[in-house]
Number of protein chains: 2
Amino acid sequence: MAPTTHAHQITDLFAERARNLTPPTYGTELTKIVTVSFAYGLADPILFPHTDLAVASAAVLAEEAPIALNYGPPSDQLYEQIILRLQAKGITADRDRLIIGYGSGQILGLLPDVFIEPGNVVIVEGPTYLGAVGRFINAGAHLITIPVDELGMDVDALEVTLSNLKKQGIRPRFIYTIPTFHNPTGTTMPLFRRQKLVALAAEYGVLIVEDDAYSDLRFQGEAIPPLATLDKEGWVLYVNTFSKIIAPGIRLGWACGDPAIIERLAMFKSEGPVGPFVSHMVARYCATGKLDYHIQELIACYKHKCNLLLEAIAHEFPSDVVALRPGGGFYVWCKLPPHISAKALLIAASEHGVSFLPGTRCYANGQGDDAMRLAFSFQTTKKIVEGIATLGTVLREWQR
Amino acid sequence: MAPTTHAHQITDLFAERARNLTPPTYGTELTKIVTVSFAYGLADPILFPHTDLAVASAAVLAEEAPIALNYGPPSDQLYEQIILRLQAKGITADRDRLIIGYGSGQILGLLPDVFIEPGNVVIVEGPTYLGAVGRFINAGAHLITIPVDELGMDVDALEVTLSNLKKQGIRPRFIYTIPTFHNPTGTTMPLFRRQKLVALAAEYGVLIVEDDAYSDLRFQGEAIPPLATLDKEGWVLYVNTFSKIIAPGIRLGWACGDPAIIERLAMFKSEGPVGPFVSHMVARYCATGKLDYHIQELIACYKHKCNLLLEAIAHEFPSDVVALRPGGGFYVWCKLPPHISAKALLIAASEHGVSFLPGTRCYANGQGDDAMRLAFSFQTTKKIVEGIATLGTVLREWQR
């Protein structure tokens, strides 16, 4: 099958939306071999509970194969396990309020189908997780960015924005926020801001999409209630995932919220329910009760890596590079001094085999060249120390 | 979180496409308990290779967990195994021409994103697989139905349609066809029709979407080349799945075609690549070489069930019900005499605990009340005999 030489072209058949898309070039600008990557929030592969998952998989295939391998909905037990996890966070859930997807990313990717027509306003944080926000952009959303400070999203700035939009007759479709161990800044929104945020959502009739992917990975202190527990009127769609606490490669995430939203999300999830087999396997694993112990192991490991990264930064980076200490999660956010461009720094660092995520990859509005995100989750402790030493050398050269 | 009592309603935030969708009511019209269902093309649960999958799963989790459980693309070995399977059918494939999805259903569900703007013409068979075609309808496609006879799609009728459309300046986006062991009729398109179909696609510049889900389940005779092997210009997108030959519950299907299409499909598959874990598990299983032997077992079983169903029909049904003998696959299509409505028959049969798919569920244009699809794949041989006896009794009562 040679490429068509006919007068007709296959690409003529594409819908306009398909013709206008350009393939992502993400990461292709670095030509050097990266030996220490702080760029991506990959899980630490040493920590996967592969032995317990193997036990679960064997049990499912021995005892539940007729159901788990045929067409059908996800395991009832998985719904139950997710409902228990939500209850432990103070969130009331039942089947009608719950959808399970191939990672929380799939559910975030379905939001545009339900909520966004071209030109609709969506409010996002700056910086934010562009993996989700990029999909809102592709759907034609008009994004408004609310700044994030050390206490998460600036809800006073949000209030001004909502008020101004209302004066123009504009009602945003939703507010996408990561209130706990924010990606990329690691910050956590305190209770008073959460209360105000939820009150604003109800006042202005705007949905909050609460991405809570990292909240189980808390290094110290008490949990702050999710927005979903503060909301009495159903304005929060709560999104979470097994990717950070079990394994990303099983691809399971979920959302909990108003049944009308859940029903719509399910209708646009056009390939049908998530795979029965994997859902049965993960439900079996959760039902052993081992997951909470496993999460304690993850916390110990990621906390250690985070501390090591911050110590190395304190030792190796010039003092005008300011690292934010996260309360949990996968990331340390570093503000760079005015004379350093994150994009230029990345090119220089990659010459020495080190990469990170420049802040520009975390803003939908072009900002961020003054910051970088360092993911400590994936690298070994040895590589973390090496990589920060190398990055410190590059930074110090730029000081001169 | 009580339902909102605020002046604002969450449903106000829905995009028009979400507001206009109504939840499927599929199957809810039957209130009686069905004890023998011929309605759905479920796999026979006795036949799942669960022991071999357990071996594969254990090996992946013991040896490849760091890769198989993290973020990442599907297993390279799965691509290789699929490429080998395609080569065995005479189809040349490589990574650029291949996308793996959560079942072929996901890939068929992505076609509208790439090809359909509201009002675009899509050509389908009548009858056809509405699970796929329903998604084209939801995307606003203007469907044109080409009749299927004992030799599959009537390509002469297709030619007339294409010619008429061309005179109106209309170029259809694609032709959706199941040329081998057609769902629902079980018919197989002979080579001369395939050659003409592929020639028409090239002449009129229309993509063919070849859904080949059932072709490995051939009860007798030699395979007829897939459309994809006859096409020299890249006008065929070939779609297949592991659902019928391994297990639907693993959710793995694929498409092979022009790299420009594959690239677009991947961009609209917004949750990213299929799960690494399942892809590694299935690749391991395929690499054992056992799949081809397993398929021989499946063929023996499904052929036996098909013969049993046809014998029971010959014995139990009035002679004016005409059953088509399929060359393979999951389904027997029965034409009913003029005085019997399939929908009315279904209601009567369900009173006796038996269900099937009325032909109306297989046509996009409202036809089909004169036929029914009987799936023999899922039921035990005992239930097949029982169910057909019951259905025969109902039919004979209607004869009077």
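I count two residues as in contact if their C-beta atoms, placed from the backbone, lie within 7 Å. The model is predicted, and I kept to its limits: local features need pLDDT of at least 70, side-chain atom pairs count only at pLDDT 80 or more, and totals for chains, interfaces and linings use all residues. Residues are numbered from 1 along each chain as its sequence is written, and chains are lettered from A and ligands numbered from 1 in the order in which they are written.

**Entry: chain A against chain B**

I looked up the interface first. On the chain A side 73 residues are in contact with 73 residues of chain B. I then listed the elements of chain A that give two or more residues to this side: helix 1 (16-20), helix 2 (50-63), helix 3 (65-68), helix 5 (104-115), helix 10 (259-268) and helix 11 (276-287). Helices (H or I, at least four residues) and strands (E, at least two) are DSSP runs, numbered from the N terminus. Helix 2 of chain A has the largest share of the side that touches chain B, with seven residues.

I sorted the side of chain A that touches chain B by class and noted 39 nonpolar, 20 polar and 14 charged residues. Here Ala, Val, Leu, Ile, Met, Phe, Trp, Tyr, Cys and Pro count as nonpolar, Asp, Glu, Lys and Arg as charged, and the others, Gly among them, as polar.

**Entry: symmetry**

I superposed chain A on chain B, which takes a rotation of 180° with 0.0 Å of shift along its axis (RMSD 0.0 Å). The two copies are thus related as by a two-fold rotation axis. The superposition is by least squares on the C-alpha atoms of residues with pLDDT of at least 70 in both copies. Of the interface residues of chain A, 100% are also interface residues in chain B, so the copies meet through the same surface.

**Entry: domains of chain A**

The domain assignment, automatic or from a database, gives domain 1 (10-48 + 293-399) and domain 2 (50-290) of chain A. I noted 24 Å between the centres of domain 1 and domain 2 of chain A, taken over C-alpha atoms.

**Entry: sheet of chain A**

I traced an open sheet of eight strands in chain A, in the order 2-9-8-7-6-3-4-5 and with mixed pairing. Two strands pair if DSSP finds at least two bridges between them. The edge strands of chain A are strand 2 (98-101) and strand 5 (152-153), and each pairs on one side only. Strand 2 of chain A runs antiparallel to strand 9 (residues 253-256), joined by four bridges. In this pair A:Leu98 stands opposite A:Cys256 of strand 9. Helix 7 (residues 155-167) of chain A packs on the sheet and touches strand 3 (121-126), strand 4 (142-149) and strand 5, with its direction at about 155° to that of strand 4. Axes are lines fitted to C-alpha atoms, for helices over the stretch in contact, and angles run from 0 to 180 degrees between N-to-C directions.

**Entry: a helix pair in chain B**

I checked helix 5 (residues 103-115) and helix 10 (residues 259-268) of chain B, whose axes come within 9 Å and cross at roughly 100°. That makes helix 5 of chain B roughly perpendicular to helix 10 of chain B (under 35 degrees is roughly parallel, over 145 roughly antiparallel, 65 to 115 roughly perpendicular and the rest oblique). B:Ile107, B:Leu110, B:Asp113 and B:Val114 of helix 5 meet B:Ile261, B:Arg264, B:Leu265 and B:Phe268 of helix 10. The residues of this contact in chain B are six nonpolar, no polar and two charged.

**Entry: backbone**

Most residues other than glycine have a negative phi, and most peptide bonds are trans. I noted a cis peptide bond from A:Asn183 to A:Pro184, with omega near 15°. A:Pro184 lies in the loop between strand 6 (174-177) and helix 8 (191-204) of chain A. A:Arg251 has phi near 55°, a positive value in a residue other than glycine, and is found in the loop between strand 8 (236-241) and strand 9 of chain A.
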